[in-house]
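User: I have not worked with this protein before. Could you take me through it step by step?

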Amino acid sequence: MTILDRLSRLLRANVNDLINRAENPSLIIEQALRDMRSAYAEARSEVADAMGQNAKLDREASSNRRMAAEYEKKAEEALRGGSEDLAREALRRAQNAKDLAAGFEEQLAVQSGTVEQLKTQLRALEAKIDEMEGKKSLLAARQKTAQAGATLDRVSGFGKAGGAMDAFEEMEERVSGLEDRNRAIGELRQENDFDAQLKDLGRTQALDDAMAALKAKVSGDKS
């Protein structure tokens with residue numbers, strides 16, 4: 001659920017409660033603004049957390065890239081020293097570090113997209129607050145007019161019915177989303193199992209190729 005979705009549900013609940021109690025229109029608007037400001041503070045916190053996660057993922061990727069380079073250097077040193085087993089183990093660890101770095105980089109790309117979405121929502125929410133502040137007097141006058149016309153009860157009845165229908169539709173969408181997610185998880189599990197088998201098939205060959213390349217390099221340096 002997006003920041004604006006949560007804000008919409010919160011405002012609907014609080015404002016409908018005030019309308020049902022026939023509070024002063026200005027109080028209704030002030031409550032809405034308080035809720036919006038609270039949601040804005042929460043949104044800023046979410047953006048900060050997401051940006052912090054970005055920094056962590058970037059550090060992990062960089063750390064594993066450095067580790068991979070160190071293990072490759074150790075593999076070369078081991079082979080120069082005549083220890084082929086140690087060189088092969090160092091190459092294996094270098095490959096593991098490269099795989100981890102690639103994984104963190106992939107997650108960083110996804111998380112960066114999430115951060116940009118959150119920033120966009122934050123800016124939209126800030127604009128809504130500014131708009132609400134600017135229209136506060138007008139909205140209060142319109143609300144008083146509605147009360148003077150004796151339409152508040154009827155409007156509130158429709159509002160509650162609409163809220164019930166919204167809740168039903170939301171639950172239906174949630175169930176459908178859960179069903180879609182379960183199907184997707186099943187498909188991804190099958191794909192991941194197959195991809196893992198293919199990856200294992202090529203991993204040994206990649207290690208052999210890396211060892212052969214290292215031997216060729218060492219031999220070339222000696223000659």
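User: To start, in what order do the elements of the protein run from the N terminus on?

Analyst: From the N terminus on, the order is α-α-α-α-α. Please keep in mind that this is a predicted model.

User: How many helices and how many strands are there in the protein?

Analyst: The protein has 5 helices and 0 strands.

User: And what share of the residues is buried?

Analyst: Of the 223 residues in the protein, 24% are buried.

User: Among contacts between residues at least 6 apart in sequence, what share joins residues at least 24 apart?

Analyst: That share is 83%.

User: Let us look at one residue. Where does Asn-64 lie, and is Asn-64 buried or exposed?

Analyst: Asn-64 is part of helix α2. Its relative accessible area is 7%, and the cut-off for a buried residue is under 20%, so Asn-64 counts as buried.

User: What does Asn-64 touch, leaving out residues up to four places away in sequence?

Analyst: Asn-64 touches Ala-97, Leu-100, Ala-101 and Phe-104. With Leu-100, the separation is 36 residues in sequence and 6.5 Å in space, C-alpha to C-alpha.

User: What about Gln-111: buried or exposed?

Analyst: Gln-111, which is placed in helix α3, has a relative accessibility of 19%. The limit for buried is under 20%, so Gln-111 counts as buried. Apart from neighbours within four places in sequence, Gln-111 is in contact with Ala-50, Gln-53, Asn-54 and Leu-57.

User: Changing topic, which residues have the most contacts inside the largest nonpolar core?

Analyst: They are Tyr-40, Leu-122, Leu-125, Ile-129 and Met-132, in a core of 15 residues. Two or more residues of this core come from each of α2 and α3, and α2 gives the largest share, with 9 residues. As general background, nonpolar side chains in soluble globular proteins tend to be buried together.

User: Which residues is Tyr-40 in contact with, beyond its neighbours within four places in sequence?

Analyst: Tyr-40 is in contact with Leu-122, Leu-125, Glu-126 and Ile-129.

User: Which residues does the second, separate core include?

Analyst: That second core has 10 residues, among them Ala-87, Ala-90, Leu-207 and Leu-214.

User: Now the charged side chains. How many salt bridges does the structure hold?

Analyst: The structure holds 9 salt bridges. One of the pairs is Glu-105 with Arg-65, whose side chains meet at 2.3 Å, N to O. This pair links distant parts of the chain, 40 residues apart, with Glu-105 in helix α3 (residues 84–134) and Arg-65 in helix α2 (residues 25–80).

User: Which residue meets Lys-215 in a salt bridge?

Analyst: The partner is Glu-84, and the N to O distance is 3.1 Å. Because Lys-215 belongs to helix α5 (residues 152–222) and Glu-84 to helix α3, this pair ties together parts that are 131 residues apart in sequence. Lys-215 is partly exposed at a relative accessible area of 34%, and Glu-84 is partly exposed at 38%.

User: And what does Glu-116 form a salt bridge with?

Analyst: Glu-116 pairs with Lys-119, and their closest N and O atoms are 4.0 Å apart. Both residues lie in helix α3, 3 residues apart, which is about one turn of the helix. Glu-116 is partly exposed, with a relative accessible area of 44%, and Lys-119 is partly exposed at 27%.

User: One last topic. What is the volume of the second largest pocket?

Analyst: Its volume is about 240 Å³. The lining has 15 residues, and the closest to the pocket centre are Leu-91, Arg-92, Gln-95, Leu-207 and Ala-210.

User: Which helices each supply at least two residues of that lining, and how many residues fall in each class?

Analyst: The helices are α2, α3 and α5. By class, the lining of the second largest pocket holds 7 nonpolar, 3 polar and 5 charged residues.

Technical notes. Residues numbered from 1 in each chain as written. Predicted model: local features only at pLDDT ≥ 70, side-chain atom pairs only at ≥ 80, totals over all residues. Heavy atoms only, no water. Helix = DSSP H or I, 4+ residues; strand = E, 2+ residues; numbered from the N terminus. Buried < 20%, exposed > 50% of the residue type's maximum accessible area, 1.4 Å probe, protein only. Core = buried A, V, L, I, M, F, W, Y, C linked by side-chain atoms within 4.5 Å. Contact = heavy atoms within 4.5 Å. 1 Å grid on protein atoms, 1.4 Å probe; cavity = no way out; pocket = protein on both sides within 12 Å on 5 of 7 lines; lining within 4 Å. Points joined across faces, edges and corners; volume = space filled by probe spheres on them. Nonpolar A, V, L, I, M, F, W, Y, C, P; charged D, E, K, R; others polar.
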